[in-house]
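Work through the exercises below on aromatic rings and the charges placed over them. Each task is followed by a stepwise solution.

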Amino acid sequence: MKKIACILLTAALAAETLPAKAYIPIYDNAGYNEQLGIMTSFSGGISAPGNLSISVNGKLSDGSQITFAGWASGVADYSPTNVPPMWQNTENALGKATANDTFDVVVLGDAGSITLTFDAPICNGSGYDFAVFENSLNDTFLEFAFIEVSSDGEHFVRFPNYYLGSEPVGSDTEVGGGANDPTYVYNLGSKYMIGYGNGYDLEELNRVAEYISETKGTGECQFTDTYVADFEANYSYLDMGSVSYVKIIDIIGDGKTLDSTGTPIYDAYPTHGSPGFDLSGVGVINAAVPEPNAAAAIFAIAAAAFAVGKLRKKSS
């Protein structure tokens with residue numbers, strides 16, 4: 001897998017011109033090579049210094065703390081494939097993600113999906129807005145998924161994603177099979193072991209929209225035509241102040257599925273037992289505060305006026 005850096009370097013140097021406009025992730029951008037105009041690495045697993053994981057209790061790798069405003073509370077759709085019944089309990093994806101119980105998950109299966117809802121919509125606030133948790137036992141056995149969001153439950157916008165690996169990683173039944181380098185992975189579900197989540201920032205989708213607008217038709221856009229077309233067809237329907245749905249779609253790791261730049265994605269394949277992405281939970285970091293309706297507002301004003309009136313009577 002380490003061959004990828006050499007492959008990218010050779011390809012870039014052989015080209016007559018280098019990409020003039022690369023898409024650079026908001027946070028995980030330390031591996032951006034300005035000279036080549038490409039991403040060559042991302043942050044590592046939870047044991048790596050400076051990793052961007054979020055624990056189920058809100059602790060970050062730098063020791064700081066965030067507070068989860070809530071967790072997924074409902075299931076709008078669950079479409080599993082080749083998943084044994086024991087792994088199809090969608091209740092396991094609701095509420096706080098588990099810190100250590102590998103059985104407390106719902107399994108998607110090969111290319112299966114689940115769409116979750118929330119008591120209060122997710123909003124575009126400061127930093128990460130929500131986090132996705134899987135149940136990997138270590139930093140390298142990673143099962144991937146696409147993450148999409150929607151305000152209306154019909155139009156879903158996919159987060160940009162990268163996979164920098166270059167070779168199949170083997171079956172989950174092989175010794176060492178399914179192992180991936182987390183520094184080659186960005187926005188593919190969660191690349192952290194059980195108890196730690198992968199953060200997502202809605203603001204990144206605004207940045208993607210700007211990037212596509214600036215590079216589309218110039219030959220400099222690094223996203224595939226398929227990703228761009230799907231993004232443009234759905235982005236205008238997204239209300240950044242009210243994201244009510246998060247959809248998670250398992251990726252079959254045989255290399256036939258591509259990331260948003262057109263690179264084949266590899267994870268454990270073929271799979272057995274609990275095949276595909278094992279979802280532990282989705283935590284909300286920035287939740288929308290509902291506006292009071294007219295009746296509630298009138299009642300609040302009346303109650304305040306009544307309280308003021310009583311206070312005046314007592315003082316007179």
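**Exercise 1.** Are Phe42 and Tyr162 buried or exposed?

Solution. The model is predicted: local features need pLDDT of at least 70 and side-chain atom pairs pLDDT 80 or more, while totals for chains, interfaces and linings use all residues. Residues are numbered from 1 along each chain as its sequence is written, and side-chain values use heavy atoms, with hydrogens and water left out. Buried means under 20% relative accessible area, exposed over 50% and partly exposed in between (1.4 Å probe, protein chains only). Phe42 and Tyr162 are both buried.

**Exercise 2.** Count the aromatic pairs, then classify Phe42 with Tyr162.

Solution. Rings of Phe, Tyr and Trp (its six-membered ring) pair if their centres lie within 6.5 Å; planes under 30 degrees apart are stacked, over 60 edge-to-face, and the rest tilted. The count is 20 aromatic pairs. For Phe42 and Tyr162, the centres are 5.5 Å apart and the planes stand at 40 degrees, so this pair is tilted.

**Exercise 3.** Which ring does Arg158 lie over, and which Lys247?

Solution. A charge sits over a ring if NZ of Lys or CZ of Arg is within 6 Å of the ring centre and within 35 degrees of the ring normal. Arg158 lies over the face of Phe146, 3.9 Å from the ring centre. Lys247 has its charged end over the ring of Phe156, at 5.3 Å from the centre.
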